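Me: I'd like to learn how to read a structure like this one. Could you walk me through it, feature by feature?

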Amino acid sequence: MSTIQPKVDEPVSEEMQLVHAAQGGDVGSFEELVKRYDRNVFRIAQHITQNREDAEDVVQDAFLKAYGNLAQFQGQSKFYTWLVRIAVNEALMKLRRRRPERMVSLDEDVKTEEDSLPREIADWSPNPEQQYNQAELKEILTKTIQGLPPSFRTVFVLRDVEGLSTEETADALGLSIPAVKSRLLRARLQLRERLGRYFQKRESGDGPK
Amino acid sequence: MKCSEFLQELTNYLDGALDARTKAELEDHLSWCHNCYVVCDTTKKTIEIYRDSELYELPDDLRSRLRSAIVAKCQQRKKTTETL
(Lines give C-alpha, C1' and ligand atoms only; values in the text may rest on other atoms or scores of the structure.)
Protein backbone atom coordinates (compact mmCIF):
# COMPACT_ATOMS: atom_id res chain seq x y z
CA MET A 1 0.00 0.00 0.00
CA SER A 2 1.49 3.36 -0.96
CA THR A 3 1.97 6.07 1.62
CA ILE A 4 0.49 9.58 1.71
CA GLN A 5 2.82 12.06 0.03
CA PRO A 6 3.17 15.53 1.54
CA LYS A 7 2.41 18.59 -0.58
CA VAL A 8 5.46 20.12 -2.26
CA ASP A 9 7.06 22.99 -0.36
CA GLU A 10 7.44 26.47 -1.81
CA PRO A 11 11.04 27.60 -2.35
CA VAL A 12 12.21 29.12 0.92
CA SER A 13 14.99 31.47 -0.21
CA GLU A 14 12.72 33.53 -2.46
CA GLU A 15 10.26 33.74 0.40
CA MET A 16 12.94 34.97 2.80
CA GLN A 17 13.73 37.76 0.31
CA LEU A 18 10.10 38.86 0.54
CA VAL A 19 10.22 38.66 4.33
CA HIS A 20 13.43 40.75 4.47
CA ALA A 21 11.94 43.35 2.11
CA ALA A 22 8.75 43.49 4.21
CA GLN A 23 10.86 43.85 7.37
CA GLY A 24 12.50 46.82 5.65
CA GLY A 25 9.08 48.45 5.22
CA ASP A 26 8.06 47.26 1.74
CA VAL A 27 4.31 46.70 2.04
CA GLY A 28 4.20 45.31 -1.53
CA SER A 29 6.42 42.41 -0.49
CA PHE A 30 4.19 41.75 2.49
CA GLU A 31 1.20 41.74 0.16
CA GLU A 32 2.93 38.98 -1.84
CA LEU A 33 3.17 36.94 1.36
CA VAL A 34 -0.52 37.60 2.03
CA LYS A 35 -1.40 36.38 -1.48
CA ARG A 36 0.69 33.30 -0.95
CA TYR A 37 -0.92 32.20 2.29
CA ASP A 38 -4.31 33.88 2.74
CA ARG A 39 -6.22 30.84 1.47
CA ASN A 40 -4.36 28.54 3.87
CA VAL A 41 -4.94 30.84 6.84
CA PHE A 42 -8.63 31.11 5.97
CA ARG A 43 -9.06 27.32 5.76
CA ILE A 44 -7.25 26.74 9.05
CA ALA A 45 -9.23 29.50 10.76
CA GLN A 46 -12.57 28.22 9.54
CA HIS A 47 -11.75 24.67 10.55
CA ILE A 48 -10.89 25.83 14.07
CA THR A 49 -13.60 28.45 14.60
CA GLN A 50 -16.28 26.71 12.51
CA ASN A 51 -17.58 30.17 11.70
CA ARG A 52 -17.15 32.11 8.48
CA GLU A 53 -17.10 35.63 9.98
CA ASP A 54 -14.63 34.61 12.65
CA ALA A 55 -12.41 33.08 9.97
CA GLU A 56 -12.46 36.37 8.00
CA ASP A 57 -11.46 38.26 11.15
CA VAL A 58 -8.69 35.76 11.85
CA VAL A 59 -7.23 36.27 8.36
CA GLN A 60 -7.04 40.03 8.93
CA ASP A 61 -5.89 39.87 12.54
CA ALA A 62 -3.26 37.19 11.88
CA PHE A 63 -1.66 39.02 8.96
CA LEU A 64 -1.73 42.36 10.80
CA LYS A 65 -0.17 40.76 13.86
CA ALA A 66 2.46 39.16 11.64
CA TYR A 67 3.18 42.52 9.99
CA GLY A 68 3.43 44.27 13.34
CA ASN A 69 5.83 41.66 14.66
CA LEU A 70 7.91 41.00 11.54
CA ALA A 71 11.01 42.25 13.32
CA GLN A 72 10.63 39.32 15.75
CA PHE A 73 10.75 36.78 12.94
CA GLN A 74 14.35 35.67 12.68
CA GLY A 75 13.92 32.80 10.26
CA GLN A 76 14.41 29.95 12.76
CA SER A 77 11.29 28.38 11.28
CA LYS A 78 9.63 28.90 7.91
CA PHE A 79 7.61 32.09 7.61
CA TYR A 80 4.52 29.99 6.96
CA THR A 81 4.96 27.97 10.17
CA TRP A 82 5.37 31.21 12.13
CA LEU A 83 2.27 32.66 10.47
CA VAL A 84 0.26 29.50 11.18
CA ARG A 85 1.20 29.74 14.86
CA ILE A 86 -0.17 33.29 14.98
CA ALA A 87 -3.32 32.30 13.05
CA VAL A 88 -4.04 29.27 15.26
CA ASN A 89 -3.75 31.43 18.38
CA GLU A 90 -6.08 34.06 16.93
CA ALA A 91 -8.58 31.35 15.91
CA LEU A 92 -8.49 29.71 19.35
CA MET A 93 -9.14 33.09 20.98
CA LYS A 94 -12.21 33.51 18.78
CA LEU A 95 -13.40 30.02 19.65
CA ARG A 96 -12.95 30.65 23.38
CA ARG A 97 -14.90 33.91 23.12
CA ARG A 98 -17.72 32.15 21.34
CA ARG A 99 -17.78 29.16 23.68
CA PRO A 100 -16.71 30.48 27.07
CA GLU A 101 -18.48 27.59 28.76
CA ARG A 102 -16.09 25.10 27.24
CA MET A 103 -12.39 24.99 27.92
CA VAL A 104 -10.62 25.11 24.56
CA SER A 105 -6.98 24.17 24.69
CA LEU A 106 -4.53 22.44 22.42
CA ASP A 107 -2.73 21.06 25.47
CA GLU A 108 -5.61 18.98 26.68
CA ASP A 109 -5.08 15.39 25.62
CA VAL A 110 -8.69 14.44 25.16
CA LYS A 111 -9.66 10.87 25.90
CA THR A 112 -12.72 9.89 23.99
CA GLU A 113 -14.74 6.74 23.89
CA GLU A 114 -13.57 6.23 20.32
CA ASP A 115 -9.93 5.90 21.36
CA SER A 116 -10.04 2.15 21.54
CA LEU A 117 -9.52 -0.14 18.57
CA PRO A 118 -11.71 0.61 15.55
CA ARG A 119 -15.15 -0.91 15.98
CA GLU A 120 -16.32 -0.60 12.42
CA ILE A 121 -14.20 -2.70 10.10
CA ALA A 122 -16.54 -2.90 7.11
CA ASP A 123 -14.86 -1.96 3.85
CA TRP A 124 -15.87 1.12 1.88
CA SER A 125 -17.21 1.33 -1.64
CA PRO A 126 -14.41 1.64 -4.24
CA ASN A 127 -15.11 5.37 -4.85
CA PRO A 128 -17.08 6.37 -1.76
CA GLU A 129 -17.12 10.09 -2.52
CA GLN A 130 -18.94 9.42 -5.80
CA GLN A 131 -21.97 8.10 -3.93
CA TYR A 132 -22.90 11.68 -3.11
CA ASN A 133 -23.14 14.93 -5.03
CA GLN A 134 -20.65 17.66 -4.20
CA ALA A 135 -22.91 19.56 -1.81
CA GLU A 136 -23.86 16.38 0.09
CA LEU A 137 -20.22 15.33 0.31
CA LYS A 138 -19.15 18.72 1.65
CA GLU A 139 -21.87 18.57 4.27
CA ILE A 140 -20.79 15.08 5.36
CA LEU A 141 -17.13 16.07 5.56
CA THR A 142 -17.88 19.32 7.41
CA LYS A 143 -20.20 17.68 9.93
CA THR A 144 -17.75 14.86 10.52
CA ILE A 145 -14.67 16.97 11.15
CA GLN A 146 -16.63 19.43 13.31
CA GLY A 147 -17.39 16.55 15.66
CA LEU A 148 -13.71 16.19 16.59
CA PRO A 149 -12.33 17.94 19.69
CA PRO A 150 -10.52 21.18 18.66
CA SER A 151 -7.10 19.80 19.57
CA PHE A 152 -7.55 16.80 17.25
CA ARG A 153 -9.17 18.84 14.50
CA THR A 154 -6.36 21.38 14.45
CA VAL A 155 -3.62 18.77 14.23
CA PHE A 156 -5.44 16.90 11.45
CA VAL A 157 -6.01 20.08 9.44
CA LEU A 158 -2.41 21.24 9.69
CA ARG A 159 -0.91 17.83 8.92
CA ASP A 160 -3.32 16.27 6.49
CA VAL A 161 -5.19 19.15 4.85
CA GLU A 162 -2.45 21.80 4.79
CA GLY A 163 0.42 19.36 4.44
CA LEU A 164 2.70 20.63 7.24
CA SER A 165 5.27 18.12 8.46
CA THR A 166 4.96 16.61 11.95
CA GLU A 167 7.82 18.86 13.11
CA GLU A 168 6.24 21.99 11.62
CA THR A 169 2.88 21.13 13.17
CA ALA A 170 4.53 20.62 16.57
CA ASP A 171 6.34 23.94 16.16
CA ALA A 172 3.21 25.82 15.05
CA LEU A 173 1.10 24.44 17.91
CA GLY A 174 3.71 24.39 20.66
CA LEU A 175 3.22 20.64 21.11
CA SER A 176 5.78 17.85 21.36
CA ILE A 177 6.23 15.55 18.37
CA PRO A 178 4.77 12.52 20.26
CA ALA A 179 1.73 14.64 21.19
CA VAL A 180 1.20 15.60 17.53
CA LYS A 181 1.54 11.98 16.43
CA SER A 182 -0.85 10.73 19.10
CA ARG A 183 -3.52 13.32 18.24
CA LEU A 184 -3.08 12.74 14.54
CA LEU A 185 -3.56 8.99 14.85
CA ARG A 186 -6.69 9.41 16.93
CA ALA A 187 -8.08 12.15 14.67
CA ARG A 188 -7.54 10.03 11.57
CA LEU A 189 -9.11 6.95 13.16
CA GLN A 190 -12.11 8.85 14.49
CA LEU A 191 -12.76 10.50 11.13
CA ARG A 192 -12.41 7.14 9.40
CA GLU A 193 -14.85 5.55 11.80
CA ARG A 194 -17.41 8.32 11.39
CA LEU A 195 -17.10 8.54 7.60
CA GLY A 196 -17.63 4.79 7.46
CA ARG A 197 -21.28 5.38 8.32
CA TYR A 198 -21.66 7.08 4.95
CA PHE A 199 -19.11 5.33 2.80
CA GLN A 200 -19.21 1.64 3.65
CA LYS A 201 -20.30 -0.95 1.13
CA ARG A 202 -24.00 -1.62 1.20
CA GLU A 203 -25.89 -4.58 -0.03
CA SER A 204 -28.70 -2.40 -1.29
CA GLY A 205 -28.10 0.97 -2.95
CA ASP A 206 -29.65 2.88 -0.04
CA GLY A 207 -28.14 6.02 1.47
CA PRO A 208 -26.75 6.17 5.02
CA LYS A 209 -28.92 4.91 7.86
CA MET B 1 2.75 -8.30 15.26
CA LYS B 2 -0.64 -7.81 16.96
CA CYS B 3 -3.40 -5.63 15.51
CA SER B 4 -3.00 -3.12 18.37
CA GLU B 5 0.72 -2.79 17.57
CA PHE B 6 -0.09 -2.30 13.91
CA LEU B 7 -2.52 0.44 14.80
CA GLN B 8 0.05 2.28 16.89
CA GLU B 9 2.31 2.48 13.86
CA LEU B 10 -0.42 3.28 11.35
CA THR B 11 0.27 7.02 11.22
CA ASN B 12 4.01 6.51 10.79
CA TYR B 13 3.31 3.92 8.11
CA LEU B 14 0.95 6.17 6.13
CA ASP B 15 3.41 9.05 6.44
CA GLY B 16 6.30 6.92 5.19
CA ALA B 17 8.13 7.57 8.45
CA LEU B 18 9.19 4.01 9.33
CA ASP B 19 12.51 2.22 9.07
CA ALA B 20 12.67 -0.57 6.50
CA ARG B 21 12.44 -3.36 9.06
CA THR B 22 9.31 -2.07 10.83
CA LYS B 23 7.71 -1.27 7.48
CA ALA B 24 8.30 -4.85 6.33
CA GLU B 25 6.74 -6.19 9.56
CA LEU B 26 3.67 -4.01 9.03
CA GLU B 27 3.32 -5.08 5.44
CA ASP B 28 3.59 -8.71 6.46
CA HIS B 29 0.77 -8.12 8.96
CA LEU B 30 -1.30 -6.37 6.25
CA SER B 31 -0.85 -9.30 3.89
CA TRP B 32 -2.82 -11.67 6.10
CA CYS B 33 -4.94 -9.47 8.44
CA HIS B 34 -7.96 -8.31 6.46
CA ASN B 35 -9.31 -6.06 9.23
CA CYS B 36 -6.08 -4.09 9.52
CA TYR B 37 -5.85 -3.88 5.74
CA VAL B 38 -9.34 -2.35 5.65
CA VAL B 39 -8.59 0.07 8.50
CA CYS B 40 -5.35 1.14 6.81
CA ASP B 41 -6.93 1.54 3.39
CA THR B 42 -9.98 3.47 4.61
CA THR B 43 -7.82 5.71 6.83
CA LYS B 44 -5.74 6.55 3.79
CA LYS B 45 -8.93 7.29 1.84
CA THR B 46 -10.14 9.50 4.71
CA ILE B 47 -7.00 11.61 4.48
CA GLU B 48 -7.18 11.82 0.69
CA ILE B 49 -10.86 12.79 0.68
CA TYR B 50 -10.23 15.63 3.14
CA ARG B 51 -7.09 16.74 1.32
CA ASP B 52 -8.99 16.99 -1.96
CA SER B 53 -12.22 18.34 -0.49
CA GLU B 54 -11.67 22.11 -0.83
CA LEU B 55 -14.07 22.52 2.07
CA TYR B 56 -13.38 26.12 2.95
CA GLU B 57 -12.11 27.87 -0.12
CA LEU B 58 -11.76 31.63 0.00
CA PRO B 59 -13.98 33.19 -2.70
CA ASP B 60 -12.12 35.64 -4.99
CA ASP B 61 -14.22 38.68 -4.09
CA LEU B 62 -13.82 38.14 -0.36
CA ARG B 63 -10.15 37.40 -0.88
CA SER B 64 -9.44 40.69 -2.60
CA ARG B 65 -11.54 42.59 -0.05
CA LEU B 66 -9.60 41.08 2.84
CA ARG B 67 -6.27 41.70 1.12
CA SER B 68 -7.09 45.35 0.42
CA ALA B 69 -8.06 45.85 4.06
CA ILE B 70 -4.86 44.21 5.29
CA VAL B 71 -2.63 46.23 2.95
CA ALA B 72 -4.40 49.51 3.81
CA LYS B 73 -3.88 48.89 7.53
CA CYS B 74 -0.22 47.94 6.98
CA GLN B 75 0.36 51.17 5.04
CA GLN B 76 -1.40 53.17 7.73
CA ARG B 77 0.77 51.55 10.38
CA LYS B 78 3.88 52.22 8.32
CA LYS B 79 3.00 55.93 8.02
CA THR B 80 2.34 56.18 11.74
CA THR B 81 5.71 54.56 12.50
CA GLU B 82 7.52 56.86 10.06
CA THR B 83 6.05 60.03 11.52
CA LEU B 84 6.96 59.07 15.10
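Me: Let's start with burial: what percentage of the 84 residues in chain B is buried?

Reply: A residue counts as buried if 20 or more other C-beta atoms lie within 10 Å of its own, as exposed if 12 or fewer do, and as partly exposed in between, with C-beta atoms placed from the backbone. In chain B, buried residues make up 23% of the 84 residues. For chain A the figure is 42% of 209 residues. Keep in mind that this is a predicted model, where local features need pLDDT of at least 70 and side-chain atom pairs count only at pLDDT 80 or more, while totals for chains, interfaces and linings use all residues. Residues are numbered from 1 along each chain as its sequence is written, and chains are lettered from A and ligands numbered from 1 in the order in which they are written.

Me: Which domains does chain B have?

Reply: Domain bounds come from an automatic or database domain assignment. Here that gives domain 1 (1-53) and domain 2 (57-84) of chain B, and their C-alpha centres lie 45 Å apart.

Me: How many helices and strands does chain B have?

Reply: Helices (H or I, at least four residues) and strands (E, at least two) are DSSP runs, numbered from the N terminus. Chain B has five helices and zero strands, while chain A comes to eight helices and zero strands.

Me: And where is B:Glu54 found?

Reply: Look in the loop between helix H4 (34-51) and helix H5 (60-83) of chain B. B:Glu54 isn't a glycine, yet its phi is positive, near 50°. B:Glu54 is exposed, with 11 other C-beta atoms within 10 Å.

Me: How many residues does each chain bring to the contact between A and B?

Reply: Two residues are in contact if their C-beta atoms, placed from the backbone, lie within 7 Å. Chain A brings 43 residues and chain B brings 40. On the side of chain A that touches chain B, H2(A) gives the most, with eleven residues.

Me: Which residues touch the most other members of the largest nonpolar core?

Reply: Such a core is a set of buried Ala, Val, Leu, Ile, Met, Phe, Trp, Tyr and Cys residues joined through C-beta atoms within 7 Å. In this one, of 69 residues, they are A:Val41, A:Ile44, A:Ala45, A:Leu83 and A:Ala87. Helix H4 (residues 79-98) of chain A gives the most to this core, with eleven residues. Beyond its neighbours within four places in sequence, A:Ala45 has contacts including A:Val58 and A:Ala91.

Me: Finally, where is confidence lowest and highest among the helices of chain A?

Reply: pLDDT is the predictor's confidence in each residue, from 0 to 100. In chain A the lowest is helix H1 (residues 12-23), at a mean of 88, and the highest is H3(A), at 96. Over residues 205-209 of chain A, pLDDT stays under 50.
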